[in-house]
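I opened my notebook to look up charged pairs and ring contacts. Here is what I was working from.

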Amino acid sequence: MFAVKTFRPVQVQPRTMHLFNNKAYINGEWVSAKSNKVFEVTNPATGEVIGTAPDMDAADAQHAIDSASKAFATWQYTTAKRRSLYLRHWFDLMVKHHESLAKIVRLEAGKPVMEARHEITYGNSFVEFFSEETRRIQGAIIPSPVANKKILVEKQPIGVAGLITPWNFPHAMITRKAGAALAAGCTCVIKPAEDTPLTALALMLLAQQAGFPKGVVNVVTSSRGNAPGIGNLLCDSHLVAGISFTGSTQVGKLLYKRCSSRVKRLALELGGNAPFIVYKSADVDSAVKGAIAAKFRNSGQACIAPNRFFIHSDIYDSFVEKLINEIKALKMGSGEDLEVQIGPLINQAQFEKVSSLVQDAVSKGAKVLIGGKGAPQHGRLFYEPTLLTDIKDDMMVYTEEVFGPVVNIFRFDSEEESVAMANNTERGLAGYFYSQDVSQIFRVARKLEVGICGVNQDMLSTAEAPVGGVKESGLGREGSHQGIEEFTYLKYIALGNL
Ligand code: ADP
């Protein structure tokens, strides 16, 4: 019988625990790139180099795929209870080392300390949830039309899962995917973003301590230059059964095309262009509070951050005035300060993108009510919380995901107009609206073309809910039991001649 004792995590004092690591993790071993190359990881808040990670390429990824494939041969047959215990121990270690993980997220993603802590709590919750949910992956016995036959339906893990993650939630995007894949009985090859590989490696240290068998979970780190080669291999390899990707629509489309050659399972969580609508019946104070929280979380660098604000004419002036006051109160600065809410953008490319989108809007007639420029007194990558009005649909801020601390406001008069403008995009990830009119709440919630809808609510992410998009925002769902289903397939077993 399986002994729980085997899975007790190694006892390490949190204060002395050092989770920084500069090696990748393949087949239960800490390894350099075969080429011996490394790349630097910098703190976006200060520009300081905080560490290095192996700059791996397709040859290293092949090693990880082979290891994961070998491990799958036995991992797929572990009992759900046993997988649940591994996940639970991993979660317990993440809780124990919460502060160390938060520190790494703060340093490599530049998040203010409170945001970094929130991310760890949120990221951990996926592993906790999937540790519970793994024991509920159930099949079915379906009544047969023939007397001597039985129809059984079993859920089986798809195989090796390639998990490609972004930098904006370096912890949670990994646990959301890996927690579900491991719960389903899959093994994983994780390719974290080049800006934030150290959190992924810290998670591997804890996975190793949690006792996952070698090869069950692997991390291949690489610079941006090597990412396409690794991505292509994950798509092309017959040993990889499916890919789960969170990132840009552009890369998501490349992966979608490439996976077609092997008809591979694919989950894509891509860019959004979230509307945030405030109707005239709304509680304006609550809408302003929600706008600040949803928009400025992680300095606007979230796929579900509102990207276009539509405010009813009757409450427009009051909303804008209150929003300006709240924006003025936001504190920007060093990540160590507990009161800081706004950190830097992740890198120079992101800073330039945000600046150019604002410049484009201003050149086409948008008005800057506050912000509209960098904040070099805090650091090279800080951008002031910004409020733009007089937005038109030919401006890039209307069609592009800003991914920065910029609010773009439109005025509207009718519900039809607001819904039409909100849906006038190829993207459909999140959408928010504020209203106290019950009929309107049901009507608009139904009509918004999004996969995630917040009604009088800015906080949407939770392990219990399925998140994902419609239209070009992606395929599949993450979180909730549905997140596990993405890593399973149904097998129909017909028992005859009974
Ligand atoms: P962003 O523009 O926000 O960095 P990306 O979609 O470019 O978003 O990156 C998300 C993840 O996809 C990162 O881990 C990155 O290294 C990886 N990536 C980038 N290009 C490719 C590619 N061609 N194939 C596979 N992964 C890629």
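Is K331 buried, partly exposed or exposed? K331 is partly exposed, and its relative accessible area is 32%. A reminder to myself: this is a predicted model.

**Entry 1: K331 and its partner**

I looked up what K331 pairs with and found D337: the two form a salt bridge, and their closest N and O atoms are 2.8 Å apart. I then checked D337, which is partly exposed at 27% relative accessibility.

**Entry 2: K367 and D390**

My next pair was K367 with D390, whose side chains meet in a salt bridge at 3.1 Å, N to O. Where do the two residues sit? K367 belongs to strand β14 (residues 367–370), while D390 is in the loop between β15 (386–389) and α12 (396–399). The pair therefore ties together parts that are 23 residues apart in sequence. I noted the accessibilities too: K367 is partly exposed with a relative accessible area of 46%, and D390 is partly exposed with 36%.

**Entry 3: a network of charges**

Which residues are joined by salt bridges that share partners? I found R176, K177, E269 and E478 in one such network. For the whole structure, I wrote down 23 salt bridges.

**Entry 4: rings**

I moved on to aromatic pairs and found 17 of them in a search of the whole structure. One of them is W75 with Y86: the pair is tilted, with 5.4 Å centre to centre and 55 degrees between the planes. W75 lies in helix α1 (residues 58–75) and Y86 in helix α2 (residues 80–96), so the pair links parts that are 11 residues apart in sequence. W75 is buried, at a relative accessible area of 2%, and Y86 counts as buried at 4%.

I also looked at W90 and F212. Why is this pair called edge-to-face? The ring planes stand at 80 degrees, with the centres 5.5 Å apart, and edge-to-face applies to planes over 60 degrees apart. W90 sits in helix α2, and F212 in the loop between α6 (197–210) and β9 (217–219), so this pair ties together parts that are 122 residues apart in sequence. W90 counts as buried at 0% relative accessibility, and F212 does at 6%.

How do these rings group? W75, Y86, W90 and F212 form one aromatic cluster.

**Entry 5: charges over rings**

Last, I checked for arginines over rings. R411 lies over the face of Y316, 3.9 Å from the ring centre. R308 has its charged end over the ring of Y398, at 5.1 Å from the centre of that ring.

Methods:
Residues numbered from 1 in each chain as written. Predicted model: local features only at pLDDT ≥ 70, side-chain atom pairs only at ≥ 80, totals over all residues. Heavy atoms only, no water. Salt bridge = Lys/Arg side-chain N within 4 Å of Asp/Glu carboxyl O. Buried < 20%, exposed > 50% of the residue type's maximum accessible area, 1.4 Å probe, protein only. Helix = DSSP H or I, 4+ residues; strand = E, 2+ residues; numbered from the N terminus. Phe/Tyr/Trp six-rings, centres within 6.5 Å; stacked < 30°, edge-to-face > 60°. Lys NZ or Arg CZ within 6 Å of the ring centre and 35° of its normal.
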